[in-house]
Amino acid sequence: MLVLVVLGPVLYFWARARDASEVARRHGLEACERAGVQLLDHSVALVKLGMKRGEDGRLGLVRQYRFDYSREGSDRSSGALALHGLRLLWITAPEPLPPPSVPDPIPRLGTRGFGNWG
């Protein structure tokens with residue numbers, strides 16, 4: 001019985017940590033997809049754990065995660081996010097890439113002068 005009393009809360013907190021990690025990974029993946037970049041390693045890494053009161057006044061765990069992304073495949077940049085329980089608090093994600101500039105199919109002619117007829 002003592003084993004169940006000790007093991008029960010440990011398994012509960014482990015399962016909640018796995019759920020939070022999966023939620024963080026989904027938020028990171030969605031942010032990368034919106035920006036048109038690739039989430040590297042398809043994972044997030046827990047970097048900080050703390051306590052904070054939520055909007056309802058209840059104390060809960062705040063987990064901060066870091067993730068890496070690449071714009072071109074040869075570079076590596078980092079983003080971060082924080083969860084309060086399973087709710088997203090904030091995210092620093094890649095900005096969407098600007099659309100590629102398309103060259104004008106009709107060349108524009110500048111104004112031409114005919115010299116100084118003065």
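Which residue takes a positive phi in the hairpin of β2 and β3? Gly57 does, with a phi near 90 degrees, in a hairpin that has five residues between the strands. Before the rest of the fold, a word on the model. The model is predicted, so local features need pLDDT of at least 70 and side-chain atom pairs count only at pLDDT 80 or more, while totals for chains, interfaces and linings use all residues. Residues are numbered from 1 along each chain as its sequence is written, and side-chain values use heavy atoms, with hydrogens and water left out.

The chain's secondary structure comes to one helix and five strands, in the order α-β-β-β-β-β from the N terminus on. Helices (H or I, at least four residues) and strands (E, at least two) are DSSP runs, numbered from the N terminus. Of the 118 residues, 23% count as buried; buried is under 20% relative accessible area, exposed is over 50%, and partly exposed is in between (1.4 Å probe, protein chains only). Among the contacts with a separation of 6 or more, 46% come from residues 24 or more positions apart, a contact being heavy atoms within 4.5 Å. The accessible surface is about 9200 Å², and carbon and sulfur atoms make up 59% of that. These areas come from the Shrake-Rupley method with a 1.4 Å probe, and for residues only the protein chains shown count as cover.

Now for the strands, where two of them pair if DSSP finds at least two bridges between them. Strand β1 (residues 38-39) runs antiparallel to β3 and is joined to it by two bridges, with Leu39 partnered by Tyr69. Strand β2 (residues 45-53) also pairs with β3 in the antiparallel sense, over eight bridges, and here Arg53 stands opposite Leu59.

Strand β4 (residues 77-84) is antiparallel to β3 too, joined by eight bridges. Tyr65 has Leu81 as its bridge partner, and Phe67 stands opposite Gly79. Six residues lie between the strands in the hairpin of β3 and β4, where Gly73 takes a positive phi near 95 degrees.

A salt bridge is a side-chain nitrogen of Lys or Arg within 4 Å of a carboxyl oxygen of Asp or Glu. Leaving aside residues up to four places away in sequence, Arg63 touches residues including Arg16, Ala17, Leu46, Leu81 and Gly85.

Over in helix α1 (residues 2-35) is Arg26, partly exposed at a relative accessible area of 42%. Arg26 and His42 are 16 residues apart in sequence, and their C-alpha atoms are 9.4 Å apart in space. Val10 is also found in helix α1. Val10 belongs to a nonpolar surface patch whose members include Met1, Leu4, Leu11 and Trp14, with about 1100 Å² of accessible area together. Patches are made of residues with over 30% relative accessible area and no salt bridge, joining like charges within 9 Å and nonpolar side chains (Val, Leu, Ile, Met, Phe, Trp, Tyr) within 5 Å.
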